[in-house]
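Morning, everyone. I'll walk through one structure today. Please have it up on your screens.

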Amino acid sequence: MAEYETPYQALATFEDDETDEAPSHDRDFMIHVVPESTRWNHIENLDDFFARVYNYHQRGGFGCMVIEDILQLIQFLFVVLFSIFLIDCVDYDVLFANIKYNGTHKVTIPEAVIPLDQCVQRFSFGIIVCILVAFAFWVFRTLKVIYNVFKYTEIRSFYNNALKITAVELANLTWHEIQRRLLEVQKEQQMCIHKQELSELDIYHRILRFKNYMIAMVNKSVIPVKFKMPFVGQYAFLSTGLKYNLDIILFWGPWSPFENNWKLKEEYKHKHRREYLSQFLSQRILWIGIANFILSPVIFLWQILYSFFRYAELIKRQPNVLGTRRWSNYARIYVRHLNELDHEFTARLNRGYEAANMYLDTFTSPLLIILAKYVAFFAGSIGAVLVVLTVIDEDVLAVEHIFTVLTISGLIVTGCRVLIPDEHLIYCPEILMRTILAHIHYMPDSWKGNAHRQNVRDEFSLLFQYKVAYLLEELFSPLITPFILCFSLRHQSLQIVDFFRNFTVDVAGVGDVCSFAQMDIKKHGNPQWVPNTEDEPSKENQSEGGKTELSLMHFHMTNPEWKLTGNRSMFVQNVKTQVQKELVSPSIMQGDGGLMTSRLPGMSLGMLPSVNTTGLGLGYNSLASSITMQSAMFPGPISTLASGVQPRLRGGLSHIEGPLGGSGSGIFSSMQSSSGSISNTAPSSLSLRGNYDEGTIEMLSHDMSYSAIYLHDMQFRKAKGNNQYETLEDVRARSMWQRQDSNQPTVSTMPNIQEKSSEEESTEEVNTDKLFTSNQE
């Protein structure tokens with residue numbers, strides 16, 4: 001009979017020197033030996049666990065996380081103590097020589113510093129209160145850091161023992177690979193006991209549960225983020241402090257609608273309680289707003305000190321930093337996909353940064369440019385003379401306020417340079433806007449064809465704001481946030497309660513999630529964004545701006561192993577089918593793809609690896625050129641496919657989207673498979689397996705760009721009641737206003753002349769005759 005194997009092992013027999021035989025009952029005693037790996041069985045809070053696994057990978061591992069947390073504690077302590085030292089422990093009369101202290105030598109630093117005992121006696125009541133509040137907050141942060149260190153240790157053990165990933169290997173693995181191993185560990189150890197196997201979507205739901213709710217609420221205008229301000233107009237305000245208060249109120253605060261991280265309170269699921277819950281939530285928002293108002297002086301003081309210590313030296317060294325732009329906090333919610341992790345979202349925004357910057361730079365005021373040039377001339381002249389004088393005789397530096405004049409003149413010159421555009425700038429707002437859309441994937445319908453208008457520029461500036469505007473938002477956020485909570489958000493309490501009830505679903509093995517995050521096309525899709533569909537969900541259930549459709553397409557490409565089912569699979573397949581049909585269908589604009597691209601040097605479809613898009617017409621040719629435009633106009637990763645040199649990637653893979661070899665599941669891949677015109681050097685998930693470079697990874701990101709712009713074009717044509725692409729007359733009309741509305745002087749450029757063989761010329765003449773014949777018919 002075969003020996004029966006169990007995880008139980010016999011306890012070793014204790015043999016005494018005086019006893020030859022142990023008692024029989026001791027020999028039969030058994031204990032259960034728990035393997036190291038089974039400690040990950042049945043994790044209670046999988047939301048927190050998966051979020052920590054993700055952050056461990058993105059933040060560089062145990063050492064980086066611990067050091068960063070400790071340095072943040074030291075930074076907070078330094079800001080508080082150094083600020084108190086500057087306020088009460090420095091004798092500024094001695095430092096500035098306002099009084100005669102010692103005439104024998106220069107004043108030293110110890111002479112300008114007040115002794116510690118005298119400094120403490122000078123503390124006012126306000127300083128003492130600030131010290132107590134800061135100390136209490138620091139103690140709380142310290143305890144939290146100690147708790148996090150233990151959690152970091154647990155996650156490190158999970159990586160080493162369960163995922164079999166060491167600290168050295170961490171930087172060379174993508175999140176897609178980490179996620180794949182997580183799914184394998186689930187099969188072996190059952191981290192979630194409610195489900196035998198987890199999917200990629202389940203992990204995303206766990207990590208982004210509350211983020212998906214926030215994205216959907218902003219998409220459905222449940223949370224107010226846009227306000228009409230006097231003398232300014234419409235303004236989007238979503239500071240870090242306001243977002244923190246929203247998280248407390250809606251998700252993890254003591255009075256939030258959620259019972260725990262994964263379950264909505266049962267009373268919020270019943271309609272008859274909506275009025276009571278609305279009043280209850282409104283009262284809690286009011287009390288939190290009042291608490292913000294009471295603490296606003298202390299928080300405002302902290303914001304001033306922190307901003308000063310963080311940005312003062314940077315502004316002194318690089319004054320033009322305030323003239324740079326950044327994606328606003330509102331944009332980071334508005335253009336974010338459902339089920340999109342931070343590193344995936346950041347990569348999209350970074351790719352669209354240069355195009356967005358160029359687009360806003362095209363809007364200039366001639367009067368402002370003239371004033372900036374002459375003011376910079378006057379200020380620069382004064383600064384230059386003072387610099388020359390200091391070189392001739394250093395005693396000039398002893399003149400009172402000489403450094404002040406030099407600093408102010410330098411700041412004025414730098415500020416004026418920000419207002420003066422590049423003289424080589426090309427005015428092409430429509431192409432730039434489509435390039436931006438290719439990366440950020442969202443924009444209102446009213447922007448299409450109107451990118452040259454000032455109102456579109458103003459609306460886009462809400463997404464892409466000056467850094468100085470961001471700093472002012474964060475600085476005055478403690479004073480503005482209480483008013484938004486008390487007078488705006490509080491009145492949305494009923495809509496918030498209804499949203500949680502109507503758009504929360506219970507997913508097996510995951511818990512309560514936002515139904516929009518399920519990316520259910522039948523329930524939340526918009527018929528204008530779905531090809532060949534007769535289903536039309538109610539207006540209340542439809543997402544705005546193609547959020548459901550674009551999120552589904554992005555998640556499908558980022559996680560190609562995820563199994564599409566039901567209407568989601570049908571949607572993706574219908575889009576690919578329609579693309580393939582349009583790819584081979586005849587078009588009156590066939591072969592005219594160079595019209596839009598010839599206006600910019602180096603911009604043509606030839607930059608892509610032999611993509612045959614002529615069958616899609618001029619509209620799709622222009623969007624293809626828009627996507628590839630960044631490679632020609634902006635510095636950055638350049639594909640090495642043409643040169644034949646393919647250096648392998650070393651490190652930095654933790655921020656790459658999706659699988660390293662590409663998904664091969666988007667519209668771009670669909671075009672490749674149907675046309676068969678992709679050359680052997682084109683990037684694909686098959687030909688590039690095991691051999692990747694920076695250019696290849698960048699080319700693979702174009703797949704989602706094609707999908708986004710194609711869906712936008714399809715929606716625009718459906719909204720217009722026209723399934724045809726734009727005509728030659730439309731393009732000529734737009735090119736006309738681009739020339740007329742340009743604030744830049746007209747720059748004549750030489751046409752791109754290429755020699756062609758006689759056979760090519762004859763073929764072109766035949767195609768031209770056919771084109772005019774079809775137009776006349």
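I'll start with a definition. Buried means under 20% relative accessible area, exposed means over 50%, and partly exposed is in between, with a 1.4 Å probe and protein chains only. Next, the ground rules. This is a predicted model, where local features need pLDDT of at least 70, side-chain atom pairs count only at pLDDT 80 or more, and totals for chains, interfaces and linings use all residues. Residues are numbered from 1 along each chain as its sequence is written, and side-chain values use heavy atoms, with hydrogens and water left out.

Salt bridges, then. I call it a salt bridge when a side-chain nitrogen of Lys or Arg is within 4 Å of a carboxyl oxygen of Asp or Glu. How many salt bridges does the structure hold? The count is 22.

Take D498 and R501. Their closest N and O atoms are 2.9 Å apart. Both residues are buried. They sit 3 residues apart in helix α21, residues 493–502, so about one helical turn separates them. Helices here are DSSP runs of H or I with at least four residues, strands are runs of E with at least two, and both are numbered from the N terminus.

Now a network. Salt bridges with shared partners join E177, R180, R181 and E184 into one network. Inside it, E177 meets R181 at 3.0 Å, N to O. Those two are 4 residues apart in helix α9, residues 175–189, so again they are separated by about one helical turn. E177 is buried, because its relative accessibility is 18%.

Next, K220 and E544. Their closest N and O atoms are 3.6 Å apart in a salt bridge. This pair links distant parts of the chain, 324 residues apart. K220 is in the loop between α11 (209–219) and β3 (226–229). E544 is in the loop between α22 (521–524) and α23 (547–558). Is each one buried or partly exposed? K220 counts as buried, at 18% relative accessibility. E544 is partly exposed, at 32%.

On to the surface. W287, I290, F293, I294, L295, I299, F483 and F487 form a nonpolar patch with about 870 Å² of accessible area together. Two elements give two or more residues to this patch: α13 (274–317) and α20 (467–487). Helix α13 gives the most, with 6 residues. F483 lies in α20. F483 is partly exposed, because its relative accessible area is 45%. On method: patch residues have over 30% relative accessible area and no salt bridge, with nonpolar side chains (Val, Leu, Ile, Met, Phe, Trp, Tyr) joined within 5 Å and like charges within 9 Å. Areas come from the Shrake-Rupley method with a 1.4 Å probe.

A cavity is a set of points on a 1 Å grid where a 1.4 Å probe fits but cannot get out, and lining residues have an atom within 4 Å of a point. Volume is the space filled by probe spheres set on those points, which are joined across faces, edges and corners. The whole structure has 4 cavities of 30 Å³ or more. How big is the largest cavity? Its volume is about 80 Å³. Among the residues lining the largest cavity are R434, D445, K448, H712 and F716. Helices α18 (429–440) and α29 (702–719) each give two or more lining residues. The largest share, 5 residues, comes from α29.

That's the tour. Over to you.

Note on methods:
On a 1 Å grid over the protein atoms alone, a cavity is a set of points where a 1.4 Å probe fits but cannot get out, and a pocket is an open set with protein on both sides within 12 Å along at least five of seven lines; lining residues have an atom within 4 Å of a point.
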